[in-house]
Structures are given as C-alpha cells and as structure tokens.
Amino acid sequence: MESLAVIDAAFWQGRRVFLTGHTGFKGGWLALWLQTMGAEVTGYALPPADGPSLFACANIADGLKKSVLADIRDSAALASAMAEAQPEVVLHLAAQPLVRRSYVDPVETYSTNVMGLVHLLEAVRKTPGVKAVVNVTSDKCYENKEWVWGYRESDPMGGHDPYSNSKGCSELVTSAYRNSFFQTPDGPALASARAGNVIGGGDWSADRLVPDILRAIDEGRPVSIRNPDAIRPWQHVLEPLAGYLMLAEKLVTQGHAFASGWNFGPSLSDTQPVEWIVRNICDLAGNGASWVLDSQKGPHEAHFLALECSKAHRELGWSPRWSLQTALEKIVEWHHAASLGMNLRQTSLNQITAYQKPQ
C-alpha cells in the first residue's frame with residue numbers, strides 16, 4: 001500500500017502555516033507533522049476539551065510559532081490572528097465533528113461548521129500573501145444513497161443529520177467563495193478535502209467508536225456497540241493528513257488547477273463493518289476484551305459509506321500506505337504507551353516517521 005509520492009519536507013521548511021483546530025485530534029497530529037518539517041505554524045482553536053487530549057499529552061504547543069485559543073466563530077479574533085501570522089498556507093480543520101452531538105446542538109454545529117468557514121475565508125480575503133487554502137470537510141458531505149460503490153467528487157452534496165448536512169453546506173460555501181472571490185491568478189487557490197472515518201492514538205472523543213472501545217477495555221467492561229453492521233471507510237489519521245499536505249503543496253506550486261474537491265479514503269477492502277473493528281481491537285488488546293449489542297435505538301446514521309479516490313491517486317500521487325490492520329496495531333501501540341506513562345510526543349513522532357518509510 002505504498003504511496004506513489006512522498007511529502008516534500010523541504011517545501012514546508014520555514015513555510016508560514018495557519019492551522020485551525022490544532023487542539024483537536026486530527027489537527028494535533030497535523031501540527032506535529034508540520035513541526036517535524038520545520039514549518040512555522042500558528043494554531044487557532046478552542047482550548048482542548050476537559051480530560052486527556054493529544055494536544056496536552058504530546059506537548060503540541062511546544063513546537064508552534066503561536067497557539068491562539070479562540071473560537072472560529074469570533075470573526076474579529078480570527079482576522080486579527082491571521083493578519084499577525086501572515087500565512088502562505090491555511091489548513092482549516094476546526095469543526096464540531098460529531099454526528100450525535102449535532103442532534104443535541106444543531107445550532108452550534110451549523111454556526112461552527114458553516115459560518116466558521118465563512119469567517120475564515122473572509123479573513124483570508126483580508127490577508128495578503130495567502131497562496132493556498134484547504135478546507136477539510138467529511139465523507140459525510142455527500143447525499144447518502146446507501147450505494148455499494150464509493151462516492152466521487154462530482155456527486156451531489158447532502159447529509160441526513162445536522163453534522164453531515166453542515167459539511168455539505170461547507171462544501172457549497174467553498175465552491176461559492178472559489179467562484180466569487182478566489183479566481184485571480186495571483187490570489188489564493190482554494191480546495192476542499194473529504195476524508196473517511198479517521199482513527200488513531202490520542203483520540204478521547206465521546207461517541208466515537210475506537211475511543212469508546214478503548215475506554216471500555218480500560219474499565220474492564222464489554223464494549224457496547226450500537227450499529228455493528230454499519231460499514232465505514234476507516235483509515236489511520238495520518239492517511240488523509242498526507243493527502244492534505246500533498247494537496248496544499250500543489251495549490252502553492254501549481255495554483256488553481258488543483259482548486260477543487262478531493263477524496264482521501266481507504267482501499268475498498270478496508271471499508272469494514274463496525275463489528276470487524278471491535279473484534280480486531282479486542283483481539284489486539286487481549287485481557288478477555290469483548291463486546292455486546294446496545295439495544296437502545298439511536299438517531300439515524302448512514303449504513304454504508306465509502307469514497308472513490310482515483311482522482312487523488314492519479315493527480316496527487318496519493319494512496320493509502322497502511323492497511324486497516326496496521327492502523328489498529330498502531331492505535332493499540334499508542335494506547336499501550338499512554339497506559340505506561342511513556343513520552344507520547346515521541347511516540348507520536350515515531351509513528352509519523354514509520355508512516356513515511358518505504359513499505
């Protein structure tokens with residue numbers, strides 16, 4: 001599963017990057033990766049959630065040029081932070097990322113995922129020197145028709161629940177701003193990136209499958225699963241992050257030719273049901289870990305979801321490096337290091353290095 005291309009560390013050396021969502025799970029891993037390549041990263045995000053976080057455990061703030069703890073919905077604070085950072089590349093990962101939470105607080109979900117993006121793009125318009133913007137959305141942005149094949153970048157946006165719909169809206173906002181404001185040859189090139197269900201060490205979010213499994217195992221109780229037959233495009237968090245980095249580089253070096261939507265998902269063989277994930281993590285964890293079916297009926301969630309990624313493979317040279325089995329092994333390895341009180345920054349950096357080695 002070796003990628004056709006590699007990340008060009010020299011491109012990122014000294015590059016000014018404005019990264020939103022750096023206190024979150026995906027944003028934390030991306031901040032670390034950018035630090036290893038010498039990028040000058042300004043992070044903008046809410047403070048990390050109460051309890052353990054990758055941001056704290058891996059000391060992510062240590063390698064940042066600046067960490068701004070503020071709300072993406074605060075347009076004045078956002079514009080001020082971006083003006084001070086004077087970035088060349090903007091990577092937008094800040095979001096309300098949970099389907100079930102979007103049912104509880106749809107207003108927060110839309111205001112963060114839609115208007116937060118509008119505020120970001122307005123800040124970009126006011127900041128000279130920005131060359132590339134990557135807006136990270138979700139595989140759930142598509143109108144889900146329970147197809148047995150993957151969604152392509154040209155398929156219509158949709159979303160049944162507020163979270164998924166907000167990501168479809170985010171894609172439409174991206175398209176409108178690209179067509180209306182980001183067409184000049186010397187102006188920013190704006191793209192969107194749609195990833196599958198990302199998993200990895202350092203994710204403690206509520207209502208996410210892998211963190212829920214690991215919490216149950218740590219507490220010595222069976223894992224309670226709502227939808228064991230639901231099929232998702234699982235991938236290690238480093239997989240789409242590699243795609244975002246490759247895409248941003250192309251936007252800077254080749255401009256508007258790459259300013260469009262991009263899918264970053266696993267191979268079809270790694271699009272597996274929830275039960276497969278649970279069984280394999282329980283096997284890797286050992287200690288008699290087991291799971292039970294949660295009989296409580298939850299809100300609607302898609303049954304089958306997959307992405308078709310030949311565009312990224314062909315035009316960016318991106319493809320998955322780690323199999324799903326390897327991804328689960330890396331998660332258990334990271335979780336074991338955390339339970340032993342090891343240096344989690346170094347553990348994370350070691351996994352980033354391992355990911356980039358030829359397979």
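Trainee: What makes helix α10 lie across β9 and β11?

Mentor: Contact means heavy atoms within 4.5 Å. Helix α10 (residues 274-285) lies across β9 and β11, at about 80° to β11. Axes are lines fitted to C-alpha atoms, for helices over the stretch in contact, and angles run from 0 to 180 degrees between N-to-C directions. Helices (H or I, at least four residues) and strands (E, at least two) are DSSP runs, numbered from the N terminus. This is a predicted model, where local features need pLDDT of at least 70, side-chain atom pairs count only at pLDDT 80 or more, and totals for chains, interfaces and linings use all residues. Residues are numbered from 1 along each chain as its sequence is written, and side-chain values use heavy atoms, with hydrogens and water left out.

Trainee: How do you know that β7 and β9 pair?

Mentor: Two strands pair if DSSP finds at least two bridges between them. Three bridges join β7 to β9 (residues 231-236), and the two run parallel, so they count as paired. Ile199 stands opposite His236 in β9.

Trainee: Why is one side of β7 and of β11 left without a neighbour in the sheet?

Mentor: The open sheet has the order β7-β9-β11, with mixed pairing. β7 (197-199) and β11 (271-273) stand at its edges, each with a single partner strand, so one side of each has no neighbour there.
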